[in-house]
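Here are some notes for a first look at this model.

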Amino acid sequence: VNAEVAAGLHATNDVAHHCSGFCDEGFWCGEGSTSPQQNPCPAGRYGDVEGIGTPKCSGLCAPGHWCGPNSTSAFQAKCLGGSYGNVSGLPTEACSLDCVYDDHRGLLGVGDGGDSGAASGATTSARPSTRTGGAPDEGTSAADLPPIAPLSCKPSVCHEGYYCPEGSITGRQRECGGTDRYCPWGSAEPTPVKEGWYTIGGGTGGGLQGIQGDGDFAFVAQPTQTRTNEVECPIGHFCVKGIKKPCPAGSFGAATGLSSKQCSGLAAKGHYTPEGSHSATQLKCPAGRYGAKEGLKSIGCSGRIEQGYWGGEASTSPTENECGGDGYYCPPGSGSPIKVKPGHYSVGGANATVRPKQAPCEPGVYCTEGVRYDCPAGTYGKSARLQTPACSGQAYRGHYTPPGSVSPTEVPCPAGRFGATKGLANSACSGACARSYECLEGSVDQYGRKVVGGTS
């Protein structure tokens with residue numbers, strides 16, 4: 001009597017009514033099977049015992065692992081580093097259910113792998129299928145997939161900002177871990193940031209850090225534990241342990257990729273460099289100030305130019321340039337010589353080339369080109385700030401005016417002499433009085449006549 005071989009067993013050709021033994025681990029044997037390895041357990045499933053009679057085998061491969069055909073363990077192979085398996089029943093090392101199948105429905109059945117009752121020798125035509133499982137993140141079940149090896153699967157990829165060691169079960173298995181490392185998509189382990197580079201990006205997670213700098217990353221708070229990329233340090237900055245910092249005030253960064261706070265060096269003499277500068281001559285010390293040493297940090301530089309001297313931009317000495325002569329004066333902090341005003345003269349300093357001040361001409365003197373002169377004899381200077389040797393006018397008749405006089409009647413012509421004209425310069429006046437005539441002080445003719453209160 002012939003009898004079908006029970007599921008899970010197999011028979012040989014010489015003894016058709018007796019089973020020869022149990023199906024091997026990793027395989028399943030339907031009714032009428034003739035080999036201990038009649039059908040491999042489908043990809044995504046495993047068979048860890050003998051005598052399995054259904055394509056469901058022992059169950060689905062464990063999350064974080066994948067099982068090829070005829071697998072014998074739920075943990076047959078770990079998902080590779082950089083990928084992950086967040087569901088059971090993953091069929092390939094891509095660790096994904098997003099697969100394309102060649103669906104032998106007539107041979108192996110439909111759905112969850114129920115027995116078709118067909119022996120291995122049965123013939124059927126294969127039909128390529130575009131049937132795919134959903135992406136793992138969409139929660140597709142491996143039980144929805146055909147019990148056959150897929151043609152291809154789209155790999156699962158560890159999320160940027162995280163890394164996935166072998167056997168990971170989520171796309172965010174572990175945070176990347178700090179500013180000194182970064183994790184692009186598909187990272188199996190963190191990548192150390194290069195010296196002179198800094199890390200950027202990051203989704204959720206980790207503490208926040210204020211990043212200062214220029215461009216798109218200025219004053220942006222970014223997670224420190226889930227960095228996704230690295231960028232070379234820009235000029236004016238240095239980068240340490242993946243953090244970008246501006247070069248300190250007094251220094252400068254002329255190159256990219258700097259990795260120490262000394263940056264490229266110190267500010268040049270006569271210049272200063274604020275934080276984040278990229279040149280030794282970033283900013284000149286302003287006119288009126290000087291920079292006597294390297295490494296100056298602010299607009300104050302080393303201090304003001306001394307009085308009697310002037311200094312233009314980028315001066316390096318407090319006595320950069322002498323003021324220049326009587327016609328100029330230079331108070332402290334002068335950026336250029338100041339021309340003395342008309343009617344004024346320069347004063348102070350060790351000599352005429354280093355005058356620090358100007359002063360108005362007093363009565364009795366006039367000033368031109370910064371030099372003070374007495375009003376000439378025969379003239380007078382009644383007011384201040386006179387500018388010409390004519391001063392305020394000539395001495396009145398009957399009088400004379402020595403140099404520096406302030407009145408037209410500064411000195412009367414002496415008794416015995418007379419002053420017939422204006423502008424007399426000394427006591428000789430116009431001459432002696434006529435014989436037999438007496439000339440009192442201030443006489444205007446040789447006969448002793450005086451002009452009462454007049455100026456003629």
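How many aromatic pairs does a search of the whole structure find? The model is predicted, and the search gives 2 aromatic pairs.

1. Start with Tyr366 and Tyr373. Their rings form a stacked pair. Tyr366 is buried, at 11% relative accessible area. Tyr373 is partly exposed, at 37%.

2. Now take Tyr437 and Tyr447. The ring centres lie 4.9 Å apart and the planes meet at 75°, so this pair is edge-to-face. Both Tyr437 and Tyr447 sit in the segment after β41 (431-432), 10 residues apart. Tyr437 has 47% relative accessibility and counts as partly exposed. Tyr447 is partly exposed too, with a relative accessible area of 46%.

3. Two charged side chains deserve a look. The charged end of Lys194 sits over the ring of Trp197, 3.9 Å from the ring centre. Arg372 lies over the face of Tyr345, and here the distance to the ring centre is 4.9 Å.

4. Next, the cysteines. The count of disulfides comes to 15. One of them joins Cys23 to Cys29, with 2.0 Å from S to S. The angle about the S-S bond is 70°, and the link of Cys23 and Cys29 is right-handed. Cys23 is buried, at 0% relative accessible area. Cys29 is buried as well, also with 0%.

5. Another disulfide joins Cys79 to Cys95, S to S 2.0 Å. This link is left-handed, with -110° about the S-S bond. Cys79 and Cys95 both lie in the loop between β8 (77-78) and β9 (99-103), so the bond ties together parts that are 16 residues apart in sequence. Cys79 and Cys95 are both buried.

6. Cys176 and Cys183 form a disulfide as well, with their sulfur atoms 2.1 Å apart. The link of Cys176 and Cys183 is right-handed, at 85° about the S-S bond. Cys176 is buried, at 2% relative accessibility. Cys183 is buried, at 0%.

7. A disulfide needs sulfur atoms within 2.5 Å. Cys19 is partly exposed, with a relative accessible area of 37%.

Note on methods:
Residues are numbered from 1 along each chain as its sequence is written. This is a predicted model: local features need pLDDT of at least 70, side-chain atom pairs count only at pLDDT 80 or more; totals for chains, interfaces and linings use all residues. Side-chain values use heavy atoms; hydrogens and water are left out. Rings of Phe, Tyr and Trp (its six-membered ring) pair if their centres lie within 6.5 Å; planes under 30 degrees apart count as stacked, over 60 as edge-to-face and the rest as tilted. Buried means under 20% relative accessible area, exposed over 50%, partly exposed in between (1.4 Å probe, protein chains only). Helices (H or I, at least four residues) and strands (E, at least two) are DSSP runs, numbered from the N terminus. A charge sits over a ring if NZ of Lys or CZ of Arg is within 6 Å of the ring centre and within 35 degrees of the ring normal.
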